[in-house]
Amino acid sequence: TAAVDVIRAKRDGAVLTDAQIDWVVDGYTRGAVAEEQMAALAMAILLRGFTPGELRRWTAAMIASGTRLDLSGVGRPTVDKHSTGGVGDKITLPLAPLVAACGAAVPQLSGRGLGHTGGTLDKLESIPGWRAAVPAEAFLAQLRDVGAVVCAAGERLCPADRKLYALRDVTGTVESVPLIASSIMSKKIAEGAGALVLDVKVGSGAFMRERADARALARTMVDLGTAAGVTTVALLTDMSTPLGHAVGNALEVAESVEVLAGGGPADVVALTLALAREMLDAAGLLDADPAAALRDGRAMDRWRRLVRAQGGDPDAPLPRAPHVAHVRADTDGVVGAVDAAGIGRAAWQLGAGRARREDPVSPAAGVLLRRRPGDRVRAGDVLAELHADDPARFAGPAGWVAEAVRVGPTAPPPAPLVLERI
Ligand code: URA
């Protein structure tokens with residue numbers, strides 16, 4: 001086989017053979033297929049697509065590029081959640097300890113943020129002492145003892161995807177349902193959990209702005225997981241408005257701790273509970289009562305153990321930004337839509353996110369929404385706080401936040417959070 005034959009075949013709309021797929025993914029992982037060849041193939045896949053059979057084989061080849069974890073020794077049902085990413089999406093933080101408190105084990109291999117959606121590891125790293133790196137032996141022990149691990153994926157988990165995702169990022173080939181689905185699902189299947197709940201976001205702050213596209217991605221991922229023997233369910237959830245009040249690393253940790261303490265914003269609590277119920281059902285724990293575990297402190301107790309197990313101090317004060325600016329309402333009225341894309345961009349520019357993979361993030365920076373859709377305001381009321389390490393960062397974000405939080409004469413229609421289950 002030659003790489004150029006595989007590229008030509010897909011370019012011309014042929015169905016790739018299993019042997020071609022295995023060869024090209026393995027060759028790329030080892031460096032025998034060049035970056036420019038994989039770039040051309042990724043573009044051909046983006047334009048021509050994959051049959052379901054090609055997609056299953058491609059996903060299997062990505063998994064086989066590294067090692068698939070064996071979690072059979074954990075001693076309780078394993079279940080994970082994956083979100084396609086949204087603004088203020090801190091749900092993993094309360095969810096993993098909550099599900100662990102209800103009897104499942106949650107092996108959550110997470111990523112760092114790129115662009116306007118934050119990464120779970122960036123958020124947790126704002127906790128003094130907390131470490132994202134967990135060695136393989138400690139990973140299994142922590143899953144057994146605490147019931148949850150949230151850590152960085154090791155080098156051996158889908159190395160083909162690590163290379164390919166970085167390449168797609170710079171070649172205009174991220175936005176392809178088969179490439180996104182195989183990228184996400186290869187990592188999640190290789191992680192070894194018996195069940196998986198996907199939170200596929202729809203709206204201005206999400207990868208998929210249109211519901212039909214999100215549904216197609218969700219179906220494709222559910223089919224891939226099911227075919228690989230993983231019980232897989234997807235919820236399509238709204239991401240036209242940020243989740244909760246806090247967007248930014250330490251700000252989101254603080255809001256998650258409020259949820260674990262039995263308070264917190266209603267939408268964050270509702271989505272945490274909806275995903276917890278799906279995870280517990282998928283794990284076969286049908287009698288678990290996640291609402292009770294939030295109320296009675298069991299989830300909070302797990303959170304504290306989870307943070308400590310990875311070196312963090314759950315009682316340490318979180319970093320706070322030295323500079324805070326306010327965005328105020330200029331008329332009386334009711335807050336209508338709060339545009340997730342605008343808030344995400346503002347938080348990112350304030351320092352909460354990174355433009356390049358190697359950039360640092362500010363733990364303290366971000367946006368704290370003081371008003372949510374449906375809230376009445378008077379002219380001069382604070383709509384949002386901007387937090388930054390350097391006041392020079394306020395200029396752009398102040399305008400974007402003012403534009404994102406619309407104040408009008410009437411309340412917006414209530415928007416459902418969970419749109420569909422697949
Ligand atoms: N997240 C991933 O891990 N891969 C993609 O292709 C897109 C989002």
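The following questions and answers concern a predicted model and treat its domains, its ligand shell and its sheets in turn.

Student: How far apart are the centres of domain 1 and domain 3?

Tutor: The chain of this predicted model is divided into domain 1 (3-49), domain 2 (72-309) and domain 3 (323-408). Taken over C-alpha atoms, the centres of domain 1 and domain 3 are separated by 43 Å.

Student: Which helix gives the largest share of the shell around the ligand?

Tutor: The residues around the ligand are Y165, V174, L179, I180, S183 and I184. By class, the shell holds 5 nonpolar residues, 1 polar and no charged. The largest share, 4 residues, comes from the helix spanning residues 177-190, namely α9.

Student: Which strands are the edge strands of the sheet of 4 strands?

Tutor: This open sheet has the order β6-β9-β11-β7, and its pairing is antiparallel. An edge strand here pairs on one side only, as is the case for β6 (246-247) and β7 (323-328).

Student: Which residue in β11 stands opposite L368?

Tutor: Strand β9 covers residues 366-369 and strand β11 covers residues 382-388. The two pair in the antiparallel sense over 4 bridges. Opposite L368 stands the β11 residue E385.

Student: What angle does the direction of helix α15 make with that of β9?

Tutor: Helix α15, at residues 340-352, packs on the sheet and touches β6, β9 and β11. Its direction and that of β9 make an angle of about 135 degrees.

Student: How far apart are the end C-alpha atoms of residues 334-408?

Tutor: An unreviewed UniProt entry places the feature "domain: Pyrimidine nucleoside phosphorylase C-terminal" at residues 334-408. Over these residues the chain is 31% helix and 29% strand.

Conventions
Residues are numbered from 1 along each chain as its sequence is written. This is a predicted model: local features need pLDDT of at least 70, side-chain atom pairs count only at pLDDT 80 or more; totals for chains, interfaces and linings use all residues. Domain bounds come from an automatic or database domain assignment. Two strands pair if DSSP finds at least two bridges between them. Two residues are in contact if their C-beta atoms, placed from the backbone, lie within 7 Å. Axes are lines fitted to C-alpha atoms, for helices over the stretch in contact, and angles run from 0 to 180 degrees between N-to-C directions. A residue is near a molecule or strand if its C-beta atom, placed from the backbone, lies within 6 Å of it. Ala, Val, Leu, Ile, Met, Phe, Trp, Tyr, Cys and Pro count as nonpolar, Asp, Glu, Lys and Arg as charged, and the others, Gly among them, as polar. UniProt positions are given in the numbering used here, feature names are shortened, and annotations may be inferred rather than shown by experiment.
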